[in-house]
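Please read this note with the sequence and the structure open side by side.

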Amino acid sequence: QNERLAAIRRMANPPDGPRVTLVAVVRILGYGKQVYESWPEVLKTVSEESFLASLRDCNATLAIPDATAIRSSYATVTAPLGVVGELLDWVKIFVEIAFIDTGESETLSEAAAKEWQARVDAAAAAKEEAKKNAG
């Protein structure tokens, strides 16, 4: 995983997908505004040796006070591929838990399930298309 983040760490001015996703990750991990409002600080955080361990060890019952802001930040992001897509899925799970815990949205689970299924279907279609083109 660490090698897969290397390309992101080299991005001085990343596209919206990686930027929004990593900003959301550091917000969920509890870093303050001075970190998540500065891309160089986000990169510094992602480059820390303990970053992956903090993702793995993050408590799913963690209160996310700005879950609504995080949710709206990634609402328009096209599902990125690779490690960024995986991190975005991680963000969505934590935000979903925050909404379920507060009782704000019962339908978020359904929306997340539909989005996940759409991603699975798109990946399967792309794989099938690649097979057709190869043969």
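1. Arg 27 is found in helix 2, where helices (H or I, at least four residues) and strands (E, at least two) are DSSP runs, numbered from the N terminus. Is Arg 27 buried or exposed? Arg 27 counts as buried because its relative accessibility is 17%, and the cut-offs used are under 20% relative accessible area for buried, over 50% for exposed, and partly exposed in between (1.4 Å probe, protein chains only). When residues up to four places away in sequence are not counted, Arg 27 touches Tyr 36, Asp 66, Ala 69 and Ile 70, a contact being heavy atoms within 4.5 Å.

2. A word on the basis of these values: this is a predicted model, in which local features need pLDDT of at least 70 and side-chain atom pairs count only at pLDDT 80 or more, while totals for chains, interfaces and linings use all residues. Residues are numbered from 1 along each chain as its sequence is written, and side-chain values use heavy atoms, with hydrogens and water left out.

3. Arg 27 also belongs to a meeting of two helices, for Val 20, Ala 24, Arg 27 and Ile 28 in helix 2 meet Ala 69, Ile 70, Ser 73 and Tyr 74 in helix 6. Sorted by class, the residues of this contact between helix 2 and helix 6 are six nonpolar, one polar and one charged; here Ala, Val, Leu, Ile, Met, Phe, Trp, Tyr, Cys and Pro count as nonpolar, Asp, Glu, Lys and Arg as charged, and the others, Gly among them, as polar.

4. How do the two helices lie against each other? The axes of helix 2 (residues 16-28) and helix 6 (residues 67-74) come within 9 Å and cross at roughly 165°, the axes being lines fitted to C-alpha atoms, for helices over the stretch in contact, with angles running from 0 to 180 degrees between N-to-C directions. Helix 2 and helix 6 are therefore roughly antiparallel to each other, since angles over 145 degrees count as roughly antiparallel, under 35 as roughly parallel, 65 to 115 as roughly perpendicular and the rest as oblique. The crossing of these two helices is left-handed, which means that the near helix is turned anticlockwise from the far one by less than a right angle, whereas clockwise would be right-handed.

5. Helix 2 has a further partner in helix 4, and the axes of helix 2 and helix 4 come within 10 Å and cross at roughly 65°. That angle makes helix 2 roughly perpendicular to helix 4, and helix 2 passes helix 4 in a left-handed crossing. In this contact, Pro 18, Arg 19, Leu 22, Val 23 and Val 26 in helix 2 meet Trp 39, Val 42, Thr 45 and Val 46 in helix 4, and by class the contact has seven nonpolar, one polar and one charged residues.

6. Val 95 has its place in helix 7 and is buried, with a relative accessible area of 0%. The C-alpha atoms of Val 95 and Arg 71 are separated by 6.8 Å, although these residues are 24 apart along the chain.

7. Arg 10, in the loop between helix 1 and helix 2, counts as exposed at 65% relative accessibility. Pro 40 lies in helix 4 and counts as exposed at 57% relative accessibility; Pro 40 and Ala 12 are 28 residues apart in sequence and 7.8 Å apart in space, C-alpha to C-alpha.

8. For the chain overall, the secondary structure comes to eight helices and zero strands. Of the 135 residues of the chain, 34% count as buried. Among contacts between residues at least 6 apart in sequence, 67% join residues at least 24 apart.
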